[in-house]
Amino acid sequence: MKKIIVANWKMNPESSSVAQKIIREMKSFARRSKNDIVICPPFSYLYILEKSKKPFLGAQDVSLQTGGAFTGEVGIQMLKSLGVSYVIVGHSERRALGETDGDVSKKAALALKEKIRPIVCIGEKERTVKGDHWSVIERMLRASLFEVKKNVASKIIVAYEPIWAIGDKSKGAMEYSDIHESVLFIRKILSSLYDQKIANSIPILYGGSVDLVNARDIIKEGGVTGLLIGRQSIKVDQFKKILNSISSV
Ligand code: PGA
């Protein structure tokens, strides 16, 4: 089955010449890949991959506003005009800046209206032995999809990213069996929100300290449809190695 691998560059790199270099290298590589590779650079570098399909172009966020006097905002129509096909919504680093589940669900619905696939991020801050994280995940998922209607639900992508596993100060990637358990849980909720068939068609990605050592097993044993990769996605050689390692999973 085709995998979706999303590169979340976050606020990197510092210059457009470096961004162009990475993209040049990724383009020749992505052309040969049978998986869907999505590069999400900062807004300022989106033009470099304008209308690209191999790799696909993704954005890291979108405004809740669709136009007008909103200094600093970037709207869905702007993304559409650049040929953006995916947009990350509700990344924990944006939620930490005040984005709510309600905002996330509105952004997802806005994107779907323009035929841009939203990558809806959810994930708990911590896990406890009592298992409080399950209700956190459920509440977050339901609220983040509140505005996403059944007729378009199969176009969303869910990225499960436990916050405690993200970044270089984190505890590292989640155990494969725990990822698998979370995927089943998320699918069950999607099924109750929509129906079984739609739930099965929605790709579920894992994100949080994915690297060359764990990428293949996260897909194989974690049962995910793809990966959302931060740090390792701007190191071109490393990212290519990861993509090669999962090419036959
Ligand atoms: P990481 O980030 O791969 O650097 O942990 C993942 C993410 O935040 O999407």
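Reply: Two strands count as a pair if DSSP finds at least two bridges between them. Keep that in mind as we walk through this predicted model.

Me: Happy to. How do strands of a sheet pair in general?

Reply: They pair through backbone hydrogen bonds, and the pairing is either parallel or antiparallel. In this structure, strand β3 (residues 56–59) and β4 are joined by two bridges and pair in the parallel sense. For one of the partners, look at G58: its bridge partner in β4 is Y86.

Me: How does the chain cross from β3 to β4?

Reply: It passes through helix α2 (residues 76–81), and this β-α-β crossover is right-handed. On to the next pairing: β4 and β5 run parallel, joined by four bridges. Y86 has a bridge partner there as well, namely R117 in β5.

Me: Which way do the residues of strand β4 point?

Reply: Y86 and I88 point one way from strand β4 (residues 86–89), while V87 and V89 point the other way; all are buried.

Me: In what order do the strands close into a barrel?

Reply: Eight strands take part, in the order β1-β2-β3-β4-β5-β6-β7-β8, with parallel pairing. On average, neighbouring strands of this sheet are turned by 25° against each other, direction ignored. Further along, strand β6 (residues 157–160) runs parallel to strand β7 (residues 204–207), and three bridges join them. There, V158 stands opposite I204 in β7. Helix α5 (residues 132–144) lies across β5 (117–122) and β6, at about 155° to β5.

Me: Now the rings. What describes a pair of aromatic rings?

Reply: The distance of the centres and the angle of the planes. This structure holds two aromatic pairs. The ring centres of F56 and Y86 are 5.6 Å apart and the planes stand at 70°, so this pair is edge-to-face. F56 sits in strand β3 and Y86 in strand β4, so the pair ties together parts 30 residues apart in sequence. Both F56 and Y86 are buried.

Me: How far apart are the ring centres of W134 and F185?

Reply: They are 4.8 Å apart with planes at 65°, so that pair is edge-to-face. It links helix α5, where W134 lies, to helix α6 (residues 176–193), which holds F185, 51 residues apart.

Me: Is F185 buried or exposed?

Reply: Buried means under 20% relative accessible area, so F185 counts as buried at 16%. W134, at 21%, is partly exposed.

Me: And where is N35?

Reply: N35 lies in the loop between α1 (16–30) and β2 (36–40), and is buried at 6% relative accessible area. Its side chain reaches the backbone nitrogen of K3 at 2.9 Å.

Methods
Residues are numbered from 1 along each chain as its sequence is written. This is a predicted model: local features need pLDDT of at least 70, side-chain atom pairs count only at pLDDT 80 or more; totals for chains, interfaces and linings use all residues. Side-chain values use heavy atoms; hydrogens and water are left out. Axes are lines fitted to C-alpha atoms, for helices over the stretch in contact, and angles run from 0 to 180 degrees between N-to-C directions. Contact means heavy atoms within 4.5 Å. Buried means under 20% relative accessible area, exposed over 50%, partly exposed in between (1.4 Å probe, protein chains only). A polar contact is a pair of N or O atoms within 3.5 Å; within protein, one must be able to donate a hydrogen and the other to accept it, and residues adjacent in sequence count only if both atoms are side-chain atoms. A crossover is right-handed if, with the strands pointing away from the viewer, the path from the first strand over the helix to the second runs clockwise. Rings of Phe, Tyr and Trp (its six-membered ring) pair if their centres lie within 6.5 Å; planes under 30 degrees apart count as stacked, over 60 as edge-to-face and the rest as tilted.
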